[in-house]
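Look at the structure below before reading on. The report covers strands, helices, salt bridges and cores.

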Amino acid sequence: MSPTVGPVSRDFNPYSDNGGTILAIAGEDFAVVAGDTRQSEGYNIQTRYAPKVFRLTDKAVLAVNGFAADGNMFVKKVKQRLEWYRHAHGKDMQLRAIARMIQTMLYAKRFFPYYVYNILGGIEEDGSGAVYSFDPVGSYEREACRAAGAAQSLVQPFLDNQIYFKNQTPSIDAPFPRHLPLSHVLSIVTDSFTSATERHIEVGDGLEIYIILAKGRTLSGLGLDGVKGLSEVTSTAEDSDETSSDGESLGEGERIFVLRRELKKD
């Protein structure tokens with residue numbers, strides 16, 4: 001007679017955390033969305049260039065972080081929905097509508113969710129910058145800044161201090177500004193990722209910063225003309241023949257630029 005065999009457990013986890021960090025900051029007439037390019041699992045670096053920030057329209061950029069496979073599939077499905085909308089209505093979906101669409105897509109998969117944290121940044125209908133942050137099952141809110149990923153615990157307190165001015169006391173004759181200039185925001189983003197790479201092995205290799213500008217705004221007007229590594233990725237940039245006095249092409253709507261920087265590779 002064979003001995004009694006107890007139950008055997010078979011653990012299965014379909015998810016994996018592939019590291020990396022993303023963040024977004026909203027300005028008065030711009031938004032900045034950034035992410036590093038390292039994809040890792042544990043102590044293994046799978047690739048040194050895996051973008052986490054994606055252009056959706058000329059006024060919306062989405063950053064995804066978490067399980068890379070789920071993130072890539074989710075971005076693909078969002079772009080597909082936006083293309084259907086463009087064909088049906090002859091125009092791009094507005095930013096707040098994109099945020100609501102992402103919420104319904106995430107909530108529809110709540111019983112087997114996409115293991116990704118999403119941050120949507122762009123320009124609203126009134127020309128103001130906006131940032132929407134999402135959890136994996138669709139809860140979302142509009143904020144001035146948000147970080148997610150491996151270094152969130154380091155970056156978010158820094159953003160709270162520099163953007164929301166937490167734990168700072170303003171002087172009587174110099175109150176805190178409501179919105180920071182773009183050049184200052186870019187320095188905050190760069191410092192955030194530079195610091196994160198010193199503390200987290202999951203963050204590093206490269207940095208991609210997407211800058212979304214409202215209608216009528218130019219790089220020279222924001223003090224960013226001549227910045228190295230800056231290129232325009234607006235879909236209408238190649239189709240526009242108009243030029244401004246400083247030689248920049250002018251589209252009819254919002255414009256998107258990407259700024260690439262190197263981070264630590266060890």
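The sections below go from the model's basis to its sheets, charges and nonpolar cores.

## Basis of the model

This is a predicted model: local features need pLDDT of at least 70, side-chain atom pairs count only at pLDDT 80 or more, and totals for chains, interfaces and linings use all residues. Residues are numbered from 1 along each chain as its sequence is written, and side-chain values use heavy atoms, with hydrogens and water left out.

Helices (H or I, at least four residues) and strands (E, at least two) are DSSP runs, numbered from the N terminus. Strand S2 spans residues 30–36, and seven of its seven residues are buried. Buried means under 20% relative accessible area, exposed means over 50%, and partly exposed lies in between (1.4 Å probe, protein chains only). In a regular strand the side chains alternate between the two faces of the sheet. Both faces of S2 are covered. Phe30, Val32, Ala34 and Asp36 lie on one side, and Ala31, Val33 and Gly35 on the other.

Two strands pair if DSSP finds at least two bridges between them. S2 pairs with strand S1 (residues 21–26) in the antiparallel sense over five bridges. Here Leu23 has Ala34 of S2 as its bridge partner. S1 and S2 form a hairpin, with three residues between them. S2 also pairs with strand S11 (residues 206–213), again antiparallel, over seven bridges. Phe30 has Leu213 of S11 as its bridge partner.

## The five-strand sheet

An open sheet of five strands runs in the order S5-S6-S7-S8-S9, with antiparallel pairing. Strands S5 (53–57) and S9 (140–143) stand at the edges, each with a single partner strand, so one side of each is left without a neighbour in the sheet. The twist averages 25° from one strand to the next.

S5 and strand S6 (residues 60–66) pair over four bridges in the antiparallel sense. Val53 stands opposite Ala63 in S6. Helix H1 (residues 68–89) packs on the sheet and touches S5, S6 and strand S7 (116–123). Contact means heavy atoms within 4.5 Å. The direction of H1 makes about 10° with that of S5. Axes are lines fitted to C-alpha atoms, for helices over the stretch in contact, and angles run from 0 to 180 degrees between N-to-C directions.

## Salt bridges

The structure holds 15 salt bridges, each a side-chain nitrogen of Lys or Arg within 4 Å of a carboxyl oxygen of Asp or Glu. Arg38 and Asp205 form one of them (2.8 Å, N to O). This pair links distant parts of the chain, 167 residues apart. Arg38 sits in the loop between S2 and strand S3 (39–41), and Asp205 in the loop between helix H4 (182–199) and S11. Both Arg38 and Asp205 are buried.

How exposed are the partners elsewhere? Arg55 and Asp58 meet in a salt bridge (3.1 Å, N to O). Arg55 counts as partly exposed, at 27% relative accessibility, and Asp58 is buried, at 10% relative accessible area. Asp266 and Lys264 also meet (3.7 Å, N to O). Asp266 counts as exposed, at 66% relative accessibility, and Lys264 is partly exposed, with a relative accessible area of 32%. Salt bridges that share partners join Arg38, Arg48 and Asp205 into one network.

## Helix H3

Val155, Gln156 and Leu159 are buried in helix H3 (residues 152–162). They cover an arc of only 95° around the axis, which puts them on the same side of H3. The arc is that of the directions from the helix axis to the C-beta atoms. The buried residues of H3 pack against S1, strand S10 (145–149) and H4.

## Nonpolar cores

A nonpolar core is a set of buried Ala, Val, Leu, Ile, Met, Phe, Trp, Tyr and Cys residues joined through side-chain atoms within 4.5 Å. The largest holds 32 residues, of which Leu23, Ile25, Leu159, Leu182, Val189 and Ile209 touch the most other members. Two or more residues come from each of S1, S2, S10, H3, H4, S11 and strand S13 (255–262). H4 gives the most, with seven residues.

Leaving out residues up to four places away in sequence, Ile209 touches Val32, Val33, Ala34, Leu186, Val189, Thr190, Phe257, Val258 and Leu259.
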